[in-house]
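Subject: Salt bridges in the attached model

Hello,

Please find the structure below, followed by what was found in it.

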Amino acid sequence: MKIDDVRKAFAMPATSPAFPPGPYRFMQREFVVITYRTDMDALRAVVPEPLEVAEPLVKYEFIRMPDSTGFGDYTESGQVIPVQLRTGKGLEQGNYTHAMYLNDHPPIAGGRELWGFPKKLATPTLDYEIDTIVGTLDYGKVRVASATMGFKHRAAEPGPLLAALAQPNFLLKIIPHVDGTPRICELVRYHMVDIDLKGAWTGPAALELHPHALAPVASLPVLEVISALHYIADMTLALGTVELDYLK
């Protein structure tokens with residue numbers, strides 16, 4: 001392999017990358033998002049500056065992705081924290097992705113290497129049991145999260161949801177040098193674009209988180225469930241930009 005060939009390599013392994021080039025389109029992507037109140041000090045301890053936490057809220061997500069470009073059919077679960085960022089244009093509202101657990105290697109590799117998604121291998125599920133939507137997350141043989149929501153109890157207004165989906169999302173991308181010192185340490189911004197909302201519903205919901213040493217979702221404890229949203233949409237995960245280089 002010539003040096004110019006090496007330079008053209010997209011991702012590892014160079015001769016057979018774990019994921020294809022983006023952007024990445026998701027069809028019939030299904031979400032159950034339970035917003036809950038948690039401990040403010042615990043939130044501030046995990047959200048990196050210059051992002052700010054305005055309210056003690058967490059969005060716990062279960063996501064089914066049956067048809068995604070290059071990534072296949074998989075399920076994801078994790079925690080997203082509403083944040084704000086002070087910019088030259090004023091105060092910008094967005095979301096910081098704190099933790100993600102999924103059952104498919106290509107989006108784990110691609111998510112971590114391209115954007116810095118905090119993805120780990122686990123076993124999330126999103127399914128239906130008669131009149132109930134059920135989400136679970138197992139890390140190995142241990143149940144660390146379980147959620148239930150009433151199936152399509154009330155239609156949700158699309159306007160507020162589409163406005164929220166248009167907000168920026170932030171990630172902390174960290175890649176060490178070969179000697180273990182930091183090589184990349186960045187705050188990354190990305191957006192979901194070309195969104196086609198198929199339907200959205202609200203209803204009663206419950207969420208239970210269990211302590212685990214390596215899947216510490218319970219470190220942001222559930223003090224009160226605020227709301228729940230179930231929706232289905234097609235959307236594209238756009239490539240990102242660097243908001244801040246911490247090493248500079």
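The count of salt bridges comes to 10, a salt bridge being a side-chain nitrogen of Lys or Arg within 4 Å of a carboxyl oxygen of Asp or Glu. This is a predicted model, in which local features need pLDDT of at least 70 and side-chain atom pairs count only at pLDDT 80 or more, while totals for chains, interfaces and linings use all residues. Residues are numbered from 1 along each chain as its sequence is written, and side-chain values use heavy atoms, with hydrogens and water left out.

For exposure, buried means under 20% relative accessible area, exposed means over 50%, and partly exposed is in between (1.4 Å probe, protein chains only).

R7 and D4: the N to O distance in this salt bridge is 3.5 Å. Both residues belong to helix α1 (residues 3-8) and sit 3 residues apart, about one turn of the helix; helices are DSSP runs of H or I, at least four residues, numbered from the N terminus. R7 is exposed, at 68% relative accessible area, and D4 is partly exposed, at 49%.

D73 and R64: their side chains form a salt bridge at 2.9 Å, N to O. R64 is buried, with a relative accessible area of 19%.

D138 and R143: here the salt bridge has an N to O distance of 2.3 Å. D138 counts as buried at 17% relative accessibility, whereas R143 is partly exposed at 38%.

Regards

Terms used: Helix = DSSP H or I, 4+ residues; strand = E, 2+ residues; numbered from the N terminus.
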